[in-house]
Structures are given as C-alpha cells and as structure tokens.
Amino acid sequence: MKIEDIKAGIKGETGREIFFYETVGSTNTIAAELAEKGAQEGTVIIADSQEKGRGRLGRHWVSPPGVNIYMSIILRPKIKPKDVTLLTIMAAVGCTAALRKVTGLNVTIKWPNDLILYDKKLGGILAEVKTAPKEIIFAVTGIGINVNMDVKALPDDVKKIATSVKNETGKLYSREVIIAEMLNEIGHWYKTLKEMKRDVLLSEWQKLTSTLGREVQVLTGKETFTGLAESIDDEGMLKLRLPDGLLKKISTGDITIVR
Amino acid sequence: MELEDLKKLIEFLKETDITELQLEKDGTKVKIKRERILSSIEMPVQKSPVFHEKITQETEEETQRLVTITSPIVGTFYRSPAPDSAPFVEVGLRVKKGQVLCVIEAMKLMNEIESDADGIIVKALVENGQPVEYGEPLFLIEPM
C-alpha cells in the first residue's frame, strides 16, 4: 500500500492526515484511541491487515493482508445525538458512490449500510461513537471493503455470503485509488450531513439501496420479523410493513432479503 | 429468620398485590404463595391505593436525589462491549463523569453512553439486549 498514492488522489479535508499500519488489532480501536487523545476530524487510520477485525456484536471480520481495505475515519459531528444514525447513512452513500465510480459495478446498499454486489457482501461499515447526554464527543467510522481477496480460499460459511471486486470481475483493482475516492465521497456527503441537508442525504441513500420494496426478514436481538421494507424515517430507521398491516420501526438488526 | 418475622412478612404481603414471594436469608429459603381472592368483600380496595400512594411518594423523593441517565437515541441496549465480555458497570460500582456505562446500538452505530455524574450506580433499569426509546431512563446514579 502506497500512502502517497492515496494522498495524491485526495481533494478535500478527509484523509489529510493518514496513519498507516501494516498490522493492527482493529483500525477502529486505534482510531478511538487517537480520538481520545484529541486527533482532529478527518484523521484516517488504514491497515494492510487486521488481527481482530470486527463486525456487529463482536463478530469477526476477515482481514487478510495485501488485498482489502481496512480503514477508520475520525469524525466530530456537531449534531444532536438523536441524529447520529445519519452517520451510517452518510458512510454507506459515500462508499457506494466511490465504488461505483471506480469499478463501474452496480454496488448497492442493504439497510442500513452493508455494501452488496450480486447479492453478496462486498463491504461493511461499523461505527463506534462516544456520546455524552447532549453531544457527540467523537465518532469512528470503520470501513472494510473486499477488493482483491480470493474468495475461494475463504472458509465455507464466509464464502457463501461474501464476495470481492476481483471475485466478480476477474480484475485486480488499486486499493489506493478506491480509498482516495471513498475519502473524497465521504468528505462530500459528510459536508451534506453537517449542513443538515437531511433530505438530500436520505434520498441519495434511497437511490443506492436494494432493500426498499423487498420482502425481508429482520433478526433483532430476540425477535424475528418478516415484512415489506417500505421506507426509512428521518433518522434512517427502517419502516417494515408487517403482514397484519402494522408498520414496525426497526433500529437494529440483521436483514435477509426474502424476495 | 424468626417465626415472628415471617408472620410480619405475611401480614405485610396481605396488604399488597403480591401473590408469590421467594426469600433467601442466612441460608434459609422461604417461599410464600397467596391465592388472590377475587370476591369484593375480601379485596382491600380502600387500603390498597393508599399504600401505593405512599410507595410512589417515597420513590419520587428518592429519584429527585438521584441522577437519571437517559438514552439519547432509539436503539438496542447492551451492558457490555461484546456478547462474551464483562458489563461496563454493575450496580454498586462507583463511576466517574465521562465513564462509559453501556452501548446503545442503532443502525450499526455502537454508541458508548457516558455518565454525566460522579457517583454510585444504584439501579440498572434496562435488561441487556432490550430496545430503548429516546429519553428512556437507563441507570440511576447516586451523586457523590
């Protein structure tokens, strides 16, 4: 990975400062430590591999060296804690727009922010936020994108659900070019968020999602719901139309597209 | 537990809506089960509300002294950073302002919620994995 190549492609403030590591536990952990020490907004942490890459609920994120993108961005949005979920919408829009631009592939978003290519997971975003009762202290947006990973070599349970850009196109892509484009797009959409142009952000997400209008199964902590993914609300939460006609708001959960 | 204590306890329970109680003290286990008699004569209709009122008053006074930590967002409440790790805090623990008390997940954002008071956790109000609403009380802290 050549950091100077990334820097050469960056147009805005996001990624002006980049910390690169060959191997880390998790880029989110490093980013949170740096944020605690006062690292400024837009600071980016990139690793070539992660030993403890993680997803929701402490799940493992496959992070081999030399092939993928593992990156965390430190943000300090001055928005109400209630609106913090817009960060998820923003990051999903930024990453998807960048991947479409660089690869030309029809990457879509599965609610709230899984990056999907041909019904398989191309990338994931996990944000960790430090919240005081009335303000957001900092947010760390962790992004993992499968770029040149050989999916065939993965364990069976991962192979079934994951893909990479190379896996679908047969071509190798420059991680540096994708990272620079993601930082540019995220910078752009983060500005939209900070200006609280909520409708612009939410409508862009709706253009890029493949979840709305589909019948989905939602696995929340203890319950499972099946219904029509009808729309998202002002915070980006999913509004699910249940078979009995009631509308259920979903804040957390794993989504499976039924049809 | 002395027989006298037990009698007092049973008398006390008669004035409440409690139908079943299990108590363990100094190695002695006591289980009291009451059938609710639904006849109008037996029901202490007058007594019950008075009793409840008293309890409510005390609770309010208690709550005023305590700091309530509420949820700043809608989401799912977790007491630990990952399912297999220890809770951030326990009842009885002394916490500092700025210390993380719990995580609330919303749309793959893990929000670490900080305490805004120095004090002792006197009550955890939400079960692990439960959905929480905006402004819902999560913890009671006795300021120190």
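# Briefing on chains A and B

Strand 5 of chain B and strand 8 (residues 119-124) of chain B pair in the antiparallel sense, with two bridges between them. The model is a predicted one.

- Across from Arg94(B) stands Ile120(B), in strand 8 of chain B.
- In a regular strand, side chains alternate between the two faces of the sheet.

**Ser115(B)**

- Ser115(B) sits in the loop between strand 7 (109-114) and strand 8 of chain B.
- Ser115(B) counts as buried because its relative accessibility is 2%, and the cut-off for buried is under 20%.
- Leaving aside residues up to four places away in sequence, Ser115(B) touches Ile69(B), Val95(B), Lys96(B), Lys97(B), Gly98(B), Gln99(B), Leu101(B) and Ile141(B).

**Chain B as a whole**

- Chain B contains two helices and ten strands.
- Read from the N terminus, its elements follow the order α-β-β-α-β-β-β-β-β-β-β-β.
- Chain B has 144 residues, of which 32% count as buried.
- Among the contacts in chain B with a separation of 6 or more, 54% come from residues 24 or more positions apart.

**Aromatic rings**

- Over all chains, the count is one aromatic pair.
- The pair consists of Phe77(B) and Phe139(B), with ring centres 6.0 Å apart and planes at 50°, so it is classed as tilted.
- Phe77(B) belongs to strand 4 (residues 75-78) of chain B and Phe139(B) to strand 10 (residues 137-143) of chain B, so the pair ties together parts 62 residues apart in sequence.
- Both Phe77(B) and Phe139(B) are buried.
- Between the chains, the charged end of Lys82(A) sits over the ring of Tyr134(B), at 5.6 Å from the ring centre.

**Ile125(A)**

- Ile125(A) is part of strand 6 (residues 120-131) of chain A.
- Ile125(A) is buried because its relative accessible area is 2%, with the cut-off set at under 20%.
- Beyond residues up to four places away in sequence, Ile125(A) touches Ala91(A), Ala92(A), Cys95(A), Asn113(A), Thr141(A), Gly142(A) and Ile143(A), and also Lys108(B).
- Gly142(A) lies 17 residues from Ile125(A) along the chain, and their C-alpha atoms are separated by 5.5 Å.

**Helix 6 of chain A**

- Helix 6 (residues 175-194) of chain A has 20 residues, which at 1.5 Å a residue should span 28 Å; the end C-alpha atoms are 28 Å apart, in agreement.
- Of its 20 residues, 15 are buried, so helix 6 of chain A is largely enclosed by the rest of the structure.
- At the N-terminal end, helix 6 of chain A is capped by Ser174(A), with a side-chain oxygen 3.3 Å from the backbone nitrogen of Glu176(A).

**Hairpin in chain A**

- Strand 10 (residues 238-241) and strand 11 (residues 247-250) of chain A run antiparallel and are joined by four bridges.
- Strands 10 and 11 of chain A form a hairpin with five residues between them, and Gly245(A) in the turn has a positive phi of about 95°.
- Arg241(A) stands opposite Leu247(A) of strand 11 of chain A.

**Backbone geometry in chain A loops**

- The peptide bond from Trp111(A) to Pro112(A) is cis, with omega near -5°.
- Pro112(A) is located in the loop between strand 4 (108-110) and strand 5 (114-117) of chain A.
- Tyr118(A) is in the loop between strand 5 and strand 6 of chain A, and Asp119(A) is in the loop between strand 5 and strand 6 of chain A as well.
- Tyr118(A), though not a glycine, has a positive phi of about 45°, and Asp119(A), another residue other than glycine, has a positive phi near 65°.
- Tyr118(A) is exposed, with a relative accessible area of 54%; Asp119(A) is exposed too, at 70%.

Definitions and conventions. Residues numbered from 1 in each chain as written. Chains lettered and ligands numbered in written order. Predicted model: local features only at pLDDT ≥ 70, side-chain atom pairs only at ≥ 80, totals over all residues. Heavy atoms only, no water. Buried < 20%, exposed > 50% of the residue type's maximum accessible area, 1.4 Å probe, protein only. Contact = heavy atoms within 4.5 Å. Expected span 1.5 Å × (residues − 1). Polar contact = N/O pair within 3.5 Å; in protein donor to acceptor, adjacent residues only side chain to side chain. Pairing = 2+ DSSP bridges. Phe/Tyr/Trp six-rings, centres within 6.5 Å; stacked < 30°, edge-to-face > 60°. Lys NZ or Arg CZ within 6 Å of the ring centre and 35° of its normal.
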